[in-house]
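Please look over the sequence and the structure first, then read the notes by topic.

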Amino acid sequence: MSALAGVLLVHALGSVLRATVGRERLRDALRSPASALVALGVLYAAALGLVGVVLGTALLLCVRLSPRPPSQRSERLPWLALAALTGVVLARPWAPVSWDEFVWLGKARLEALGFGAGVQAALDASQRLIPAGYPPLWPLAVGWVSLGVDDVAAHVVASGLLLVVCGAAALEAWWPRLEAAFAAKVVTAAVLLASPIVLVHVRSAYVDLPVGLLGLALLGFLVTERLPLACAAAVVLSAVKDEGLAHVAAATLAAGAVRGWGRQALSLASPALLAVIAAVTWRWSLHAHGVTASDHALSAPAWSWVPTFARLLGVHALDVWTWGVFWVAVLVLGVQGRARPEARGLRWALLANVALMGAALVVGPERVRVFAESGTLVNRLLVQLWPTAALVAWFGLSVPRPSRG
């Protein structure tokens, strides 16, 4: 129960911030699942201490100075479907069952020592947290939603509820367009759900699926010109995982392809700028405290590894025991679908993400490339791409609603 109360408190905090700082109606903010992202961004800046002042101030200024977003029908979200998703997410053993769950949930326990204790431990090289130097927001958020309770079951529930929040934010960003799309919905659902690895990640405490959902939410908020929520999503993405920056860059490029740059360049680039501030702030803190993020350090580009990455991508995506026919369907539907602006943006985001992830591996450490060849890394990157790819398939199956003339 502590996790449920915690996620409601985080949502309430974000709603109040939007109402007071952003001059939105409190009722509308409370109906918006993405309000929780605003709270997480501000809480993360506070947890960083003095070095987070710039980040927190910039985020609040973005919320304050952005024009009021156009009216959205957030109250018409499929709440029953979200409740069913919550049930599926939580219908799992309330204890870690895989390696990375021990890592993420273990670090979440640190928040029981006090607000921001996870940041202090991550910046203390003698603590030997693994992986060293990783952005700390996800375990911090799990600890906050658990209300500082040192209980593994509460942390499992909290991580599941945060996954639901990320999914609800993505749905909020895209629901008006999904609702208007006259598609072969049953066929779409059958194709998209026939991905065993996604069902596994839905019921785990891994962070790859939340990152993908947040990237999709960011793109939707940029396309619909909801800048405060886009800025909050960008900060959370950058603070949850290093790959979050790639999702922010891809969403920014895709939104620019849909809306055009011109006079909108500053508003489109604002979330990316905040994400860079968050990343630089964390990296500077690591450097100041002598902590090395060895897994995500830069090295000389290994251009000869590019064909290997392409091969690994194909081998993993075409494994029917892992993905079913999902990626084949995405490729076919993405190519043949008529170019609605939203579909075009989704395709750009998907391609940009693949390119940026490949580039990150090429210029990353050799040990990470070895792990990609022998481990689950590529499949987990594909899980991050799954939400955007799912909408590519959705719009590929959609046909214009017949006119009533």
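A residue counts as buried when its relative accessible area is under 20%, and as exposed when that area is over 50%, with partly exposed in between. By this cut-off helix α13 is mostly covered, since 14 of its 14 residues are buried. The model is a predicted one. The protein chain contains 21 helices and two strands. Its radius of gyration is 20 Å, close to the 22 Å that the globule rule gives for 405 residues, so the chain is as compact as a globular protein of that length.

**Overall build**

- The C-alpha trace of the protein chain spans about 70 × 55 × 45 Å along its principal axes.
- Of the 405 residues in the protein chain, 56% are buried.
- The protein chain has an accessible surface of about 17600 Å², and carbon and sulfur atoms account for 69% of that surface.
- Taking contacts between residues at least 6 apart in sequence, 81% join residues that are at least 24 apart.

- Helix α13 covers residues 227-240.
- Its 14 residues should span 20 Å at 1.5 Å a residue, and the end C-alpha atoms are 20 Å apart, so the two values agree.
- E225 is located in the loop between α12 (208-223) and α13.
- The phi of E225 is near 60 degrees, which is a positive value in a residue other than glycine.
- E225 has a relative accessible area of 48%, so it is classed as partly exposed.
- R226 and E172 are both buried.

**The loop between α7 and α8**

- Most residues other than glycine have a negative phi, and most peptide bonds are trans.
- R128 is in the loop between α7 and α8, and its phi is positive, about 55 degrees, although R128 is not a glycine.
- With a relative accessibility of 70%, R128 counts as exposed.
- P131 is also in the loop between α7 (117-122) and α8 (137-145).
- The peptide bond that joins I130 and P131 is cis, with omega about -15 degrees.

**Salt bridges**

- Side chains of opposite charge can pair when their charged atoms come close.
- The structure has eleven salt bridges.
- One of them is between the side chains of R18 and E24, at 2.8 Å from N to O, and both R18 and E24 are buried.
- Another joins the side chains of R109 and D150, at 2.7 Å from N to O.
- R109 is in the loop between α6 (99-108) and α7, while D150 is in the loop between α8 and α9 (152-180), so the pair ties together parts that are 41 residues apart in sequence.
- R109 is partly exposed, with a relative accessible area of 42%, and D150 is partly exposed at 43%.
- D100, D208, K241, E243 and R380 belong to one network, joined by salt bridges that share partners.

- H247 is part of helix α14, which runs over residues 244-259.
- At a relative accessibility of 3%, H247 counts as buried.
- Which residues does H247 contact, leaving aside its neighbours within four places in sequence?
- These contacts of H247 are V211, G212, G215, L218, L237, N353, M357 and Q384.

**A nonpolar surface patch**

- L318, V325, V328, L331, V332 and V335 make up a nonpolar patch on the surface.
- Together these six residues have about 580 Å² of accessible area.
- V328, a member of this patch, is in helix α18, residues 326-336.
- The relative accessible area of V328 is 42%, so V328 is partly exposed.

Technical notes. Residues are numbered from 1 along each chain as its sequence is written. This is a predicted model: local features need pLDDT of at least 70, side-chain atom pairs count only at pLDDT 80 or more; totals for chains, interfaces and linings use all residues. Side-chain values use heavy atoms; hydrogens and water are left out. Patches are made of residues with over 30% relative accessible area and no salt bridge: like charges are joined within 9 Å, nonpolar side chains (Val, Leu, Ile, Met, Phe, Trp, Tyr) within 5 Å. Accessible areas come from the Shrake-Rupley method with a 1.4 Å probe; for residues, only the protein chains shown count as cover. A salt bridge is a side-chain nitrogen of Lys or Arg within 4 Å of a carboxyl oxygen of Asp or Glu. Helices (H or I, at least four residues) and strands (E, at least two) are DSSP runs, numbered from the N terminus. Buried means under 20% relative accessible area, exposed over 50%, partly exposed in between (1.4 Å probe, protein chains only). The expected span of a helix is 1.5 Å times one less than its number of residues. Contact means heavy atoms within 4.5 Å. The radius of gyration is taken over C-alpha atoms; the globule rule is 2.2 Å times the number of residues to the power 0.38.
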